[in-house]
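Welcome! Take a moment to turn the model around before reading on, and keep the sequence at hand.

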Amino acid sequence: MTATLAPPVRIGKAAVWALGLLALATGALESVVTPTLPLLQRELDMSPAEGALLSIVLLITGALITPVAGKLGDRYGGKRVLIRLMAVVSAGGLVSALAPNLPVLLLGQVLQGAMVGALPLSFIVVRKHLPAGDSKVAIGTVSGLFVGGGMAGTLSAGPVAEGLSRHWMFALPTLAVIGATLLVNTLMPQDPPGRSDDAGVDWPGLGLMSGTLVTLMLVLALAPDIASQPLVLGALIAVLAAFVTGWVAVERRAASPMVDLRMLARPAVWKSCVLTFVICVGTSVPVYLVPQLFAVSEDAYGFGASATEIGFFLLPGAVAASLAGPIGGIGARRFGSRAVVTAGIVIMVAALLALAAVHTEVWHLVIGKMMIALANGLCVTAMVTSTATSVDQGDTGIATSLVLVTRVIGFAVGVQVSGALLTAATPSGSDVPAESAFVTGFLIAGAVTALSLLVARTMSKGVKE
């Protein structure tokens, strides 16, 4: 006979708010690098390409950890896995806070990347302990506080780094994460484990995908410096090809693959992945280039902005990104996913081309970055909605995980290409790249994003009657 598990204990508002405080703290810790990247580059003597690598390594780790964390949370219980995951995040935050150089800081960011899996685990916990209606409210609260934490981190990172030090910039939100984790551990009851998945976690696929992403980032980061050494570059490309080949072979044979490549054969899924990749490349270029342009000296062609000022200038974009989700959801329901994606692409292309042509005033960059953030949010929301509703309910997680992985790869490629452009355009003995590198980056991003219209026009309208 099958043993009957006791129903999970219903949680109160205090436990939900503890999860919300944890989301707030992790959102703040995740967002501190972007506004202070120019400051970190100066203090740690990083090239633009190395700075680009620092800005994306957390997301890469997150893309790898999230599907594994979700599967382990379903199997062993969301709270149990969440607490252990946040222990890794806390260790990463402390490593980042104490880092004396770039390699140690990169290690800290790799460990911090585990935080990306925290939100799905929080949702698992909430859904197990609350009825459907209450769980939706709780999930909305936790998600909103995560976005709010990102805005708080964007605004506070600069003043803390300049008033105290870059070390405290990581230490303060890490201490908040530790406190919130202890609160969750105290207030949140254990949730019962779900059914055991006999297939287990696809560890070979995870390892090969990790190698693929790391090698790809190394190729893009080192390309400007090793162009004169074609054998080194060729060796890295050969290693990348070997990782990709091995990963594809393993995923095709795995009983429970990390990424089900067979799903890519479905038109709705591969179109969403192509669009996600291209749009995220277009979005990531200004995400990296705009703060760099703010920081360029006024004696050259920039604005000489401090880390505090850069955080303030980036805030409208963060607000636009937070509003884009609900706007995109409403638009997709009323006009269809294709209309929302097309509108988002047009807005993004216009903003990128405008930045390439005009970037001599602060408000040019603020408005351009805000429009790009809004357009990206519209597109991603509509594509996730389209993907989730175009497959069977049982395939929703697999299909949306493909979009997630593609999103991270697109973002990483765009940032690394931007860093490589600035590195290649920086004269020897100078730390100021040629202005033409920024123009080239915005133009390339605009052209690549415009090409996605060819795919967007073949999407189904996706209007729900």
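Are α2 and α12 roughly parallel or roughly antiparallel to each other? The two helices are roughly antiparallel, because that word covers angles over 145 degrees, while under 35 degrees counts as roughly parallel, 65 to 115 as roughly perpendicular and the rest as oblique. The axes of α2 and helix α12 (residues 307–335) cross at roughly 150° and come within 8 Å.

Before going further, a word on the model: this is a predicted one, in which local features need pLDDT of at least 70 and side-chain atom pairs count only at pLDDT 80 or more, whereas totals for chains, interfaces and linings use all residues. Residues are numbered from 1 along each chain as its sequence is written, and side-chain values use heavy atoms, with hydrogens and water left out.

**The whole protein**

The protein has 17 helices and zero strands; these are DSSP runs numbered from the N terminus, with H or I and at least four residues for helices, and E and at least two for strands. Of its 465 residues, 51% are buried (under 20% relative accessible area with a 1.4 Å probe and protein chains only; exposed is over 50%, and partly exposed lies in between). Among contacts (heavy atoms within 4.5 Å) with a separation of 6 or more, 81% join residues 24 or more positions apart.

**Two helix pairs**

Two packed helices are described by the angle between their axes and the distance between the axes. Axes are lines fitted to C-alpha atoms, for helices over the stretch in contact, and angles run from 0 to 180 degrees between N-to-C directions.

Back to our opening pair: α2 passes α12 in a right-handed crossing (the near helix is turned clockwise from the far one by less than a right angle; anticlockwise gives left-handed). Thr34, Pro35, Thr36, Pro38 and Leu39 of α2 meet Ala307, Ile310, Gly311 and Leu314 of α12. By class, this contact has six nonpolar, three polar and no charged residues (Ala, Val, Leu, Ile, Met, Phe, Trp, Tyr, Cys and Pro count as nonpolar, Asp, Glu, Lys and Arg as charged, and the others, Gly among them, as polar).

Now look at helix α4 (residues 78–98) and helix α8 (residues 166–187), which pack at about 160° with axes 8 Å apart. That angle makes α4 roughly antiparallel to α8. Here the crossing of α4 past α8 is left-handed. The residues in contact include Leu82, Met86 and Val89 of α4 and Phe170, Val177 and Ile178 of α8. This contact has twelve nonpolar, seven polar and one charged residues.

**Some buried residues**

| Residue | Relative accessibility |
|---|---|
| Thr154 | 10%, buried |
| Gln41 | 10%, buried |
| Phe294 | 0%, buried |
| Phe303 | 16%, buried |

Thr154 sits in helix α7 (residues 132–163). Apart from neighbours within four places in sequence, Thr154 touches Ser31, Pro35, Gly311 and Leu314.

Gln41 belongs to helix α2 (residues 33–43). With neighbours within four places in sequence set aside, Gln41 has contacts with Met46, Ser47, Pro48, Gly51, Tyr288 and Gln292.

**Aromatic rings**

How many aromatic pairs does the structure hold? There are four, where rings of Phe, Tyr and Trp (its six-membered ring) pair if their centres lie within 6.5 Å. Ring pairs join Phe294, Phe303, Phe312 and Phe313 into a cluster.

Note on methods
Rings of Phe, Tyr and Trp (its six-membered ring) pair if their centres lie within 6.5 Å; planes under 30 degrees apart count as stacked, over 60 as edge-to-face and the rest as tilted.
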